Amino acid sequence: YHSIIDCERMLLCLLSIDNSLYKVIKDKVNVDEFENEKNKEMAKIIFKRFEDKKGIVPAELINLAGDESSSIFARLIQGECNFDDNIKAVMDIIKKMELYRLRNRQKEILQLLSSENLSAEDSEKLKLELKSVLLKMKSI
């Protein structure tokens, strides 16, 4: 998966194939942290269905995706969602999503630190956050 958006899509596909994964991920994934707006919208609907004990099947996921991305989800479901261990696969995807988020934040902090209009206090805060981000990245 080459981006956080790919990870989000794969996560949704796996949930549609194996509804039992929701119990595994519900406390580990924050829908509001989804970067792609369409994926976020779909995830909110899907997570609500799980909370309401309804679940979802792949065909419903493809319908939710709409015209522009339904073919992407169909391709993922048919081709790339074949894992020997769905729990391991979904946990790996969650780790990758977190790594992408941390890398993006690392880039933002480095850009901010290169700005010359920073106060010494702001600079120190950013350096501490950068250190924290790097430690989190190492622990994943």
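**Close-up views of a predicted model**

**View 1. The exposed residue Lys53 in the loop between H3 and H4.** Lys53 is exposed, its relative accessible area being 75%, in a structure that is a predicted model. The residue sits in the loop that joins H3 to helix H4 (58–80). The backbone of Lys53 has a phi near 65°, which is a positive value in a residue other than glycine. For context, most residues other than glycine have a negative phi.

**View 2. The buried residue Lys40 and its surroundings.** Lys40 is placed in helix H3, and with a relative accessible area of 15% this lysine counts as buried, because the cut-off for that class is under 20%. From this position the side chain of Lys40 reaches the backbone oxygen of Asp32 at a distance of 3.4 Å.

**View 3. The packing of helix H1 against helix H3.** Helix H1 (residues 4–17) and helix H3 (residues 37–51) have axes 11 Å apart and pack at an angle of about 25°; angles under 35 degrees count as roughly parallel, and H1 and H3 are therefore roughly parallel to each other. The crossing of these two helices, H1 and H3, is left-handed. On the H1 side the contact involves Ile5, Glu8, Arg9, Leu12 and Leu15, which meet Asn39, Met42, Ala43, Ile46, Phe47 and Phe50 on the H3 side. Sorted by class, the residues in this contact of H1 with H3 are eight nonpolar, one polar and two charged.

**View 4. The crossing of helix H1 with helix H4.** The axes of H1 and H4 come within 9 Å and cross at roughly 80°; since angles of 65 to 115 degrees count as roughly perpendicular, H1 and H4 are placed in that class. The residues of H1 that take part are Arg9, Met10, Leu12, Cys13, Ser16 and Ile17, and in H4 they meet Pro58, Leu61, Ile72, Phe73, Leu76, Ile77 and Glu80. By class, the contact of H1 with H4 comprises 10 nonpolar, one polar and two charged residues.

**View 5. The packing of helix H3 against helix H4.** H3 and H4 have axes 10 Å apart and pack at an angle of about 165°; angles over 145 degrees count as roughly antiparallel, and H3 and H4 are therefore roughly antiparallel to each other. The crossing in which H3 passes H4 is left-handed. Lys38, Asn39, Met42, Ile45, Ile46 and Arg49 of H3 make this contact together with Glu60, Leu61, Leu64, Ala65, Glu68, Ser69 and Phe73 of H4. The contact of H3 with H4 has, by class, seven nonpolar, two polar and four charged residues.

**View 6. The position of Ala59 relative to Ala74.** Ala59 lies in helix H4 and counts as partly exposed, because its relative accessibility is 48% and that class lies between 20% and 50%. The C-alpha atoms of Ala59 and Ala74 are 8.4 Å apart in space, while the two residues are 15 residues apart in sequence.

Definitions and conventions
Residues numbered from 1 in each chain as written. Predicted model: local features only at pLDDT ≥ 70, side-chain atom pairs only at ≥ 80, totals over all residues. Heavy atoms only, no water. Axes fitted to C-alpha atoms, helices over the stretch in contact; angles between N-to-C directions. Helix = DSSP H or I, 4+ residues; strand = E, 2+ residues; numbered from the N terminus. Left-handed = near helix turned anticlockwise from the far one by under 90°. Contact = heavy atoms within 4.5 Å. Nonpolar A, V, L, I, M, F, W, Y, C, P; charged D, E, K, R; others polar. Buried < 20%, exposed > 50% of the residue type's maximum accessible area, 1.4 Å probe, protein only. Polar contact = N/O pair within 3.5 Å; in protein donor to acceptor, adjacent residues only side chain to side chain.
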